[in-house]
Amino acid sequence: MKELTIISGKGGTGKTSIVASFAALAKDKVMADGDVDAADLHLILAPDIKHEEDFKGGRTARINHDICTECGECIERCQFNAIAPDFVVNNISCEGCGVCVYFCPVEAIEFPQNICGKWYISETRFGPLVHARLGIAEENSGMLVTLVRNQARILAEERGFDLVIIDGPPGIGCPVIAATTGASVVLIVTEPTLSGLHDLKRVGSLAAFFKIPTLICVNKYDLNPDITNQIEDHAKKHNMHFVGRIPYDRAVTHAMVAGKSLVEFSDGNAAQAVRELWGRVEDFLKI
Amino acid sequence: MIISIASGKGGTGKTTIATNLAVSLADQKEKVQFLDCDVEEPNAHLFLKPEIYETKKINALVPKVDKDKCDFCGKCAEICQFSAIAVIGNTVLTFPELCHSCKGCVMVCPKDAITDTERELGVLEKGRAGDIEFIHGRLRIGEAMSPPLIKAVKETIKPNHIAIIDAPPGTSCPVITALRGSDFTILVTEPTPFGLNDLILAVEAVRVLGIPFGIVINRSDVGDSRVVEYAHQEGIPILLEITDQRKIAEAYSKGIMMTEVFPEWKEKFQQLYQQIKQREL
């Protein structure tokens with residue numbers, strides 16, 4: 001089984017628009033939305049939810065004031081300043097480490113597990129989709145990404161599919177690491193701006209750090225052809241495969257507004273470039 | 001006053017708004033601090049071009065086990081909620097990348113066999129960009145945990161300054177860490193279905209934090225009218241709209257600020273600040 005993860009470093013370069021087109025073009029695959037704290041793929045794939053489950057993440061301390069003697073042991077030991085002088089736990093500051101729970105001399109602190117979000121298995125016009133929604137201001141986004149990936153793999157096995165396509169989050173931190181470690185291939189979608197190039201270098205180093213074969217494409221390449229060339233040079237120098245240039249095309253936004261993937265919506269330049277891009281990515285996945 | 005700039009969706013123009021606001025305010029002789037809290041992918045330095053005068057490593061405390069003192073009782077593994085320490089037979093394994101620095105294992109060890117050592121999270125850099133005090137964090141490649149580095153960047157905030165925080169995209173812990181304690185948050189969005197979906201999530205996040213906020217709509221003439229309708233419905237002020245202009249996008253691609261291409265925009269960013277100040281009073 002192959003796993004293709006699409007990431008970008010910088011946000012807003014067009015990952016999800018490209019992934020939606022891949023969903024339309026690829027056969028026999030499971031789609032997974034690994035951007036759990038700002039998931040957008042469902043807006044285009046219009047999932048019909050078949051299965052829904054709570055995501056249980058970490059725990060949060062809760063002080064029972066009927067038992068608490070206000071001795072101050074918990075406040076002193078908490079490394080996160082999460083307990084106020086009136087012995088109320090700040091849910092946002094609490095990391096769920098359980099140190100206060102363990103050391104409370106009168107066992108006044110409860111430690112319930114949080115429901116941090118939901119995850120879903122859905123059917124779409126392009127086949128199955130595993131997606132999730134992290135609760136607002138919740139932690140453990142990496143854990144939820146891992147769960148979505150695992151479920152997508154299980155589903156692919158059940159259906160006899162050989163491919164999982166994962167729409168990854170921006171950045172290089174915890175959820176990106178969860179979406180990329182162990183993937184067969186990473187596709188970086190970038191844009192020809194200094195920010196795009198800067199962020200590509202960092203996320204490219206991350207993929208290299210995990211030794212994952214990396215493909216690069218430039219979206220809106222004609223915005224700055226010079227930087228597009230610099231990106232292509234950077235790719236070559238660092239053993240990454242340059243697989244496509246997609247021109248700026250207002251049809252991308254129009255397709256999004258219509259709730260369609262670009263390749264369903266348009267036969268224009270950008271749609272054509274995305275088709276060619278998928279052809280190259282598909283060839284690479286066969287290796 | 002602390003003003004943070006966030007978005008939910010990436011690439012909507014957070015850094016553009018944050019950097020142009022900072023420059024426009026510095027132009028009026030305001031004391032401005034700029035804090036790039038998008039430590040995974042910091043970009044503001046590409047536009048403000050600060051001269052960096054100080055670089056400091058930021059570390060997290062992780063456990064170190066003295067094998068001679070350890071009797072493999074397993075209490076450390078039991079208290080650790082993050083599976084960052086494990087006892088298997090006569091071996092103690094630590095997984096520093098999973099450690100949250102709660103010191104539970106250090107406190108619980110009956111043999112005092114565990115002490116603190118450090119894992120590098122990244123670096124904090126300080127510099128000057130004209131009259132602006134510039135601070136950003138750069139997360140080490142391969143490091144998963146950004147909130148402690150974001151906290152370190154925010155610890156440099158000075159009173160009697162306008163502190164402008166450029167937040168990371170999304171709505172999870174790094175964003176919450178960046179936004180907490182702000183006096184006002186500007187949510188930057190674009191009028192597309194993705195922009196709206198992620199704006200709604202970001203609005204929920206700032207509401208959880210109890211921070212007053214308003215919206216800036218970037219590329220306001222693309223997409224559809226649903227963001228504006230949503231803002232009206234929710235009674236959220238639209239502070240500024242910027243149309244989609246090739247000239248702005250091209251300048252951005254080269255690291256040139258909007259206010260350099262269109263100096264008249266400085267006044268609009270100054271007005272943006274006045275609107276925020278009035279809402280705060």
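Buried area here is the accessible area (1.4 Å probe) that two parts lose on being put together, summed over both. Everything below comes from a predicted model, where local features need pLDDT of at least 70, side-chain atom pairs count only at pLDDT 80 or more, and totals for chains, interfaces and linings use all residues. Residues are numbered from 1 along each chain as its sequence is written, chains are lettered from A in the order in which they are written, and side-chain values use heavy atoms, with hydrogens and water left out.

**View 1. Chain A meets chain B.** Put together, chain A and chain B bury about 5,000 Å², with 59% of it on carbon and sulfur atoms. In contact terms (heavy atoms within 4.5 Å), 62 residues of chain A touch 61 residues of chain B.

**View 2. Polar links across the interface.** The rule for polar contacts wants a pair of N or O atoms within 3.5 Å; within protein, one must be able to donate a hydrogen and the other to accept it, and residues adjacent in sequence count only if both atoms are side-chain atoms. It picks out 26 residue pairs between chain A and chain B, both residues at pLDDT 80 or more.

**View 3. A salt bridge between the chains.** Salt bridges, meaning a side-chain nitrogen of Lys or Arg within 4 Å of a carboxyl oxygen of Asp or Glu, number 3 between chain A and chain B. In one of them, R133(A) meets E204(B) at 3.5 Å, N to O.

**View 4. The open sheet of chain A.** Nine strands line up as β3-β6-β7-β2-β8-β1-β9-β10-β11 in a mixed, open sheet, where pairing takes at least two DSSP bridges between two strands. β3 (48–59) and β11 (241–246) of chain A sit at the edges with a single partner strand each, so one side of each has no neighbour in the sheet. Inside chain A, β2 (residues 29–33) and β8 (residues 163–167) run parallel over 5 bridges, and K29(A) has L163(A) as its bridge partner.

View 5. K118(A) and E52(A) form a salt bridge, with their closest N and O atoms 3.6 Å apart. K118(A) is in β6 (residues 113–124) of chain A and E52(A) is in β3 of chain A, so the pair ties together parts 66 residues apart in sequence.

Note on methods
Helix = DSSP H or I, 4+ residues; strand = E, 2+ residues; numbered from the N terminus.
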